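User: I am new to this structure. Please show me how to read its features, one at a time.

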Amino acid sequence: MSNEKQVDPGRRGLLVATCAAGGVAGLATTGMFVSTFQPSERAKAAGAPVEVDLTGLAPGEMRTVEWRGKPVWILKRSEEMVNSLKQTDNQVADPKSERNPDELTPEYARNEYRSIKPDLLVAVGICTHLGCSPVTRFATGPQPSLPDDWHGGFLCPCHGSTFDLAGRVYKNKPAPDNLEVPRHMYLSETKLVIGKDEKGEA
């Protein structure tokens, strides 16, 4: 009886120590799994508005930023580029952006320029046909895969859809719609926010 009393405390201590070590390991493992399920900072930011500094963007230049995993083009149109839009009005399929306006064109961009400011185009660089990314073809005139009276714009290399410098698709092309214009607003002359507008809508 006395031997059992002498052994039990040792066993009890060993049991307590083993349980404590197991508990710590269990908590560490649980913490590891919990942290795995938590969204990364990148994932949190995926749907958040993106602020862009337009300082140094010269006429004729385009900058690309990422928003919601999509490339968004910011094109600073020169005076010649802006004037070319009048010449393409009768060549594009949806000059006034009347197709799917709620999905593709905010009300403040349903104009000839498809933008808030005539010289600044903000558009998602994904073709509305099968999701390819068009390439820039800003030079005017005859070029491979382009008409002889080309005024500058974008060419989708996948199936040949062409878009003018307002992201409006030309007639008789595979792409059914103009390029998407994301909701955006200007905080100042050089600060642009993509993914949010003055109504707070995303």
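**Reading a helix, a sheet and some rings**

Analyst: Start with helix α3. The face of α3 turned away from its buried side carries exposed residues: Glu 79, Glu 80 and Lys 86. Keep in mind that this is a predicted model.

User: Which residues of helix α3 are buried?

Analyst: Helix α3 spans residues 79-88, and its buried residues are Met 81, Val 82, Ser 84, Leu 85 and Thr 88. They cover an arc of only 155° around the axis, which puts them on the same side of α3.

User: What covers the buried residues of α3?

Analyst: The cover includes strand β3, residues 70-76.

User: How do I read the sheet with β3? What is the strand order?

Analyst: Look at the order and the pairing. This open sheet has three strands in the order β2-β3-β4, and the pairing is antiparallel. The edge strands are β2 (62-67) and β4 (120-124), each pairing on one side only. On average, neighbouring strands of this sheet are turned by 20° against each other, direction ignored.

User: How many bridges join β2 and β3?

Analyst: Six bridges, in the antiparallel sense.

User: Now the rings. How is a pair of aromatic rings described?

Analyst: By the distance of the centres and the angle of the planes. A search of the whole structure finds three aromatic pairs. One of them is Trp 73 with Phe 154, a stacked pair with 4.4 Å centre to centre and 20° between the planes.

User: Where do Trp 73 and Phe 154 lie?

Analyst: Trp 73 is in strand β3 and Phe 154 in strand β6 (residues 153-155), so the pair ties together parts that are 81 residues apart in sequence.

User: Is Trp 73 buried or exposed? What about Phe 154?

Analyst: Buried means under 20% relative accessible area. Trp 73 has 4%, so Trp 73 is buried. Phe 154 has 0% and also counts as buried.

User: What pair do Phe 138 and Phe 154 form?

Analyst: An edge-to-face pair, with 5.7 Å centre to centre and 80° between the planes. Phe 138 lies in the loop between β5 (135-137) and β6, and Phe 154 in strand β6, so this pair ties together parts 16 residues apart in sequence. Phe 138 is partly exposed, at a relative accessible area of 23%. Trp 73, Phe 138 and Phe 154 form one aromatic cluster.

User: Which charged end sits over the ring of Tyr 186?

Analyst: That of Lys 117, 4.2 Å from the ring centre.

Note on methods. Residues are numbered from 1 along each chain as its sequence is written. This is a predicted model: local features need pLDDT of at least 70, side-chain atom pairs count only at pLDDT 80 or more; totals for chains, interfaces and linings use all residues. Side-chain values use heavy atoms; hydrogens and water are left out. Buried means under 20% relative accessible area, exposed over 50%, partly exposed in between (1.4 Å probe, protein chains only). Helices (H or I, at least four residues) and strands (E, at least two) are DSSP runs, numbered from the N terminus. The arc is that of the directions from the helix axis to the C-beta atoms. Contact means heavy atoms within 4.5 Å. Two strands pair if DSSP finds at least two bridges between them. Axes are lines fitted to C-alpha atoms, for helices over the stretch in contact, and angles run from 0 to 180 degrees between N-to-C directions. Rings of Phe, Tyr and Trp (its six-membered ring) pair if their centres lie within 6.5 Å; planes under 30 degrees apart count as stacked, over 60 as edge-to-face and the rest as tilted. A charge sits over a ring if NZ of Lys or CZ of Arg is within 6 Å of the ring centre and within 35 degrees of the ring normal.
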